[in-house]
Amino acid sequence: MRNFAAIDFETANSERTSICSVGVVIVRDGEKAETFYSLIRPEPDYYSYWCSQVHGLTSKDTQDAPLFPEVWKQIEPLIEGLPLVAHNKSFDESCLKAAFRCYRMEYPDYEFHCTCLASRRVFGQTLPNHQLHTVAARCGYQLHNHHHALADAEACAWIAREIL
């Protein structure tokens, strides 16, 4: 894949609609062309202890953040015509679809690819697991700030360039 958008969501709680941050990395002709990051006021607007422990975000971080539809208006033109790539696409795709349903937005049926599934095909049992940081390291990328949406999207983009 030479042209795609790697995307990562973080959620505030167990509800898929509770997106609290998004990171997007646009890759064109195999090179990182653009990045986008935003905090998002989640729906429902509360944070579970476990989610905050994972990504470090709290209600204080997103209390003045825009809602998902406002943020998506900025992302939409960046990803137009590009397939989306996520590590564990079932999570990220389900968050995106849930947010579209929650805000009664028409979902454009984005093409999604999964670097986690690709890693299982390419590396099989040669890796101890297929978590993002493990696969990124195998592909020569050192993931810093894991569970920051943009950092994770950048790692996903690197993996996608290597194995998709």
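We'll walk from the sheet to the helices, then into the core and out to the loops.

Before you click, know that this is a predicted model: local features need pLDDT of at least 70, side-chain atom pairs count only at pLDDT 80 or more, and totals for chains, interfaces and linings use all residues. Residues are numbered from 1 along each chain as its sequence is written, and side-chain values use heavy atoms, with hydrogens and water left out.

**Stop 1: the sheet.** Helices (H or I, at least four residues) and strands (E, at least two) are DSSP runs, numbered from the N terminus. Five strands make an open sheet, ordered β3-β2-β1-β4-β5, with mixed pairing. Two strands pair if DSSP finds at least two bridges between them. At the edges sit β3 and β5, each pairing on one side only. Neighbouring strands are turned by 25° against each other on average, direction ignored; axes here are lines fitted to C-alpha atoms, for helices over the stretch in contact, and angles run from 0 to 180 degrees between N-to-C directions.

Now zoom in on β2 and β3: they run antiparallel, joined by eight bridges. Pick Arg28 and look across to Glu31 in β3, its bridge partner.

**Stop 2: Ser38.** Select Ser38, in strand β3 (residues 31–39). Is Ser38 buried or exposed? Its relative accessibility is 12%, so Ser38 counts as buried; the cut-offs are under 20% relative accessible area for buried, over 50% for exposed, and partly exposed in between (1.4 Å probe, protein chains only). Not counting residues up to four places away in sequence, Ser38 touches Cys20, Ser21, Val22, Pro66 and Val71. A contact means heavy atoms within 4.5 Å.

**Stop 3: the core.** Select Ile7, Val22, Val24, Trp72, Ile79 and Leu96. These have the most contacts inside the largest nonpolar core, which has 25 residues. Such a core is a set of buried Ala, Val, Leu, Ile, Met, Phe, Trp, Tyr and Cys residues joined through side-chain atoms within 4.5 Å. Which helix gives the most to this core? That is α3, with six residues. Apart from this core lies another, of 13 residues, including Leu127 and Leu143.

Stop 4: Highlight α4 next. Its 14 residues reach 19 Å from first C-alpha to last, close to the 20 Å expected at 1.5 Å a residue; the expected span is 1.5 Å times one less than the number of residues. The helix α4 packs on the sheet, touching β1, β2, β4 and β5, and its direction makes about 75° with that of β1.

Then colour α7 (residues 149–163). Eleven of its 15 residues are buried, so α7 is largely enclosed by the rest of the structure. Its cover includes β1, β2, β3, β4, α5 (115–123) and α6 (132–138).

**Stop 5: the loops.** Go to the loop between β3 and α1 (49–55), where Pro44 sits. A cis peptide bond joins Glu43 and Pro44, with omega about 0°.

Finish in the loop between α6 and α7, where you'll find Asn145 and His147. Asn145 has a positive phi of about 65° although it is not a glycine, and His147 has a positive phi of about 80°, also without being a glycine. Asn145 is exposed, with a relative accessible area of 54%, while His147 counts as partly exposed at 29% relative accessibility.
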